[in-house]
Amino acid sequence: MSAALVMRASKRFGDRDALVDARLEVAAGTVHAVVGENGAGKSTLLKIVYGLVRADRGQLAIGQRCDLARHGVAAAQALGVGMVHQHGMLVPTLTLAENAALGHEPVRRGLLDLAAARRDLARAAARLEQSLDPDACAGALSVGEQQRAEIVMVVARAQKLLILDEPTALLAPGEVDRLLALLRRIAGDGCAVVLVSHKLDEVAEVADAITVLRAGRTVAELARGVATREVARAMVGGEPPPTGAPPPLPPADAAVVLMVRGLAVHDLSGAATLRPGAGSAGGLRQVSFEVRAGEVVGIAGVEGNGQRELVQAVVGLVPAAAGRITLGGVDMTHATVAARRAAGLAHVAEDRHHHGLVLDATVADNVMLGRLDEVARGLTIDRTRVRTLAERALADLDVRPADPSLAARALSGGNQQKLVVARELGRAAVRAVVAAQPTRGVDLAAQARIHDRLRAAAAAGAAVLVISADLDELFALCHRVAVLHRGAIAGELAGDALRAADARATLGAWMVGAA
Amino acid sequence: MMDAVAAVVAFVAALATVTFVEMVVRITVPYLLAALGGAITERAGLVDLALEAKLLFGAFTAAAIAHDTGSIALAIAGAAVAGAAVGAVQALWAIRLGADQIVTGVALNLAAYGLTRYLLQVMYGQGSNSPRIDGIGAKVWSSPLTWLALVLTAVAIVMIARTRLGLRVRAVGERPDATAAAGVSVAGTRLAAVLVGSAIAGVGGAQLSLVVNGFVAEMSSGRGYVALAAVIMGGWRPAWVALVCLGFGAAEAVQVRMQSAGTGLPPELVRLLPYLLALVLLATLRGRGRAPAALGRGA
């Protein structure tokens, strides 16, 4: 079988080695997975192939030998390489046909030939047996639909090598299956597919071969059929941390700490004004649930189905349009953020850069945020106490480097997130925890630490609410999992039903509104 | 009471005349062209606060060329070039050098006030007026600018909706990263949009000086800012922007009529009318259209 891609590359960013003579060989007509922890160099390696990043040293052959010094996006495209980016590259206000035409617009008598663009897209979709509406506004489609449309567009132009960067990160289980089937089909047509991922189950399901990167080096090249456990060991360079199970179930008569009744919140995304009536979830409608002391409750769902509205309303960042929120039996519906924190509510924010940390402030100052009551001495701040608190927080979750005087920006993503968790859960008298996407974008070791800390909080009697798009995370943490779909709870699994073999399929169906 | 009603009826009846319609058209043209130009620039993702400068330089250049050559056509072409020149400076600062777009716009407007006065002094030896020129005067239906404005409106609408540049402009104002990933130059598309938009706004300036047969210092008198308000109220869509400008033109014409009719209201208050209308509309029409997502955010 001929090789679609053969490369070796080294790349430094500043004083950090991103790639050290990393090697990748992809056979034509196969699905090839590139796996590794965050920061292992997966994305950099494939951005070099697509011409978005220039390698310092190395060789590259895509069917023919390429000059790495002059390799760029245009050159890569000319060789039949296409890339689907993690966050999608469709312009939401344009139709699919317009998006497909962008950059190589068909023109007739000086005007855009949209009919031709529509025809080309429909033909490309038919070839891959995908159904899509060329006149649909891209922003009105679900993430999965957008992604499939984007793949159709990219494959229509790139017929030798298709690169996908973390394509399943935002998809519901059912949509993942459709995507993987589509990738197999594309490979069957002779186009090599390179899939960057850290979800080993999916990789095992679809990949013909696996390249494992660790710290910028190729550490393993595995064939189909290798146990997931072997791949994980190669990724982390040792035994992978155990995934763990939920903490012991609290007694049935444990007190309800966090109660939400009939909560409604206005849409925060502005999607309703962006495209009125075009499939927007429109905030949160009539959501009720309760979390007992010591219990971990998960909220699953495809992003944009009201999770953000729910979190921000519970922690007090946005007002509730209707309904009630109580904390330890006290009505907190209209309480300020400060009052809720004082009542024992901890919040691990979804976006650590915007809501979790002040990136340019020191680690110590970040630990102090929202905990001023613990460090205030009259009108001044007790600096020694701040340092003690910070050192305790750093030790609590093994944040590295453990230097409180460093700017938060200097920490890696995983360590930043550990810092947020340590601050929020290290406060005195935490009674309820709202953790939104607590391990998004962090490596396996940091994820294990954060999960352990959340379990410990529950074991200590806190009511824990985990909002996550990652079902594995919810299975590993929660006693109960509810699914948000279009701003309402579509269903809930608990106990044996949550441990049953078909739990993933059931939750997945609720997530896409198919049940 | 009956007197008041009769007065209002008489006033409204007085509006329904050919001269009133002509006045509306004459007043609307500079708003319309500045706002269309602004809509094109903003759709590409650049805040166009420099409309005032484009109107003013357009007006000055048109007057200077008409004075020297006597040609209206050359004067209008010159105004377009002058507008595009302001746009080129704006693009250099905001796109190439990455300067703040709002500060760039305000700086250009202030520079335009000063520089046109300076040029008046150097070229004509007087600081507030150009010499009288043979402009267009009060003509409306035989003014080439009236018809050019109509053509440019159609051009702007078609350009945004149905041309290659228009599609790229719409994309680049929304998702510059995605546009670049599609192989389209973000800077190049923005430059093209700014130059086209600024040339159209410059033509709007020609209307200012050619209808009064001379250039007067600061004669744009805030129209660039009103035009920007019209861009926002029209939801960045050229056809709607054009309608909003027509509304402004009508409001200003009513204001002029009210002054000459003698309503008893202080003229300073009457002159506020179009701006009050702008404020009310801005507050009520907000949210109807949507700003380009990348507006003002640099590359």
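This is a predicted model: local features need pLDDT of at least 70, side-chain atom pairs count only at pLDDT 80 or more; totals for chains, interfaces and linings use all residues.
# Group meeting: salt bridges, strands and surface patches

Let me start with a contact: A:Glu98 and B:Arg170 form a salt bridge, with their closest N and O atoms 3.0 Å apart. A:Glu98 sits in helix H3 (residues 96-101) of chain A and B:Arg170 in helix H7 (residues 164-174) of chain B, so the pair joins two chains. By salt bridge I mean a side-chain nitrogen of Lys or Arg within 4 Å of a carboxyl oxygen of Asp or Glu.

Residues are numbered from 1 along each chain as its sequence is written, chains are lettered from A and ligands numbered from 1 in the order in which they are written, and side-chain values use heavy atoms, with hydrogens and water left out.

Back to our pair. Are A:Glu98 and B:Arg170 buried or exposed? Both are buried. Here buried means under 20% relative accessible area, exposed means over 50%, and partly exposed is in between (1.4 Å probe, protein chains only).

How many salt bridges does the structure hold over all chains? The count is 35. As a reminder, side chains of opposite charge can pair when their charged atoms come close.

Let me show you two within chain A. A:Arg455 and A:Asp452 meet through their side chains in a salt bridge of 2.8 Å, N to O. These two residues are three apart in helix H17 (residues 444-459) of chain A, so about one helical turn separates them. A:Arg455 is buried, at a relative accessible area of 11%, whereas A:Asp452 is partly exposed, at 46%.

The other is A:Arg480 with A:Glu492, where the closest N and O atoms are 3.2 Å apart. This pair links distant parts of the chain, 12 residues apart: A:Arg480 belongs to strand E23 (residues 480-485) of chain A and A:Glu492 to strand E24 (residues 488-494) of chain A. A:Arg480 counts as buried because its relative accessibility is 15%, and A:Glu492 counts as partly exposed at 40%. There is also a network: A:Arg341, A:Arg423, A:Glu424 and A:Arg427 are joined by salt bridges that share partners.

Now to the strands. Look at strand E10 (residues 192-197) of chain A: six of its six residues are buried, so the rest of the structure largely encloses it. Remember that in a regular strand the side chains alternate between the two faces of the sheet. In E10(A), A:Ala192, A:Val194 and A:Val196 are buried on one side, and A:Val193, A:Leu195 and A:Ser197 are buried on the other.

Which strands pair with E10(A)? Strand E3 (residues 31-35) of chain A runs parallel to E10(A), joined by five bridges, and strand E9 (residues 161-165) of chain A is also parallel to E10(A), again with five bridges. Two strands count as paired if DSSP finds at least two bridges between them. You can find A:Val193 as the bridge partner of A:Val31 and of A:Leu162.Strand E21 (residues 432-436) of chain A is mostly covered too, with five of its five residues buried. A:Ala432, A:Val434 and A:Ala436 are buried on one side of E21(A), and A:Val433 and A:Ala435 on the other. Four bridges join E21(A) in parallel to strand E18 (residues 345-348) of chain A, and five join E21(A) in parallel to strand E22 (residues 463-467) of chain A. A:Ala435 has A:Val348 as a bridge partner and A:Val466 as its partner in E22(A).

Finally, the surface. In chain B, a nonpolar patch of about 520 Å² is made by B:Val18, B:Val21, B:Trp141, B:Trp147 and B:Leu150. Patches are made of residues with over 30% relative accessible area and no salt bridge; like charges are joined within 9 Å, and nonpolar side chains (Val, Leu, Ile, Met, Phe, Trp, Tyr) within 5 Å. The accessible areas come from the Shrake-Rupley method with a 1.4 Å probe, and for residues only the protein chains shown count as cover. Helix H2 (18-43) and helix H6 (144-162) of chain B each supply at least two residues of this patch. B:Val18, found in helix H2 of chain B, is exposed, with a relative accessible area of 56%.
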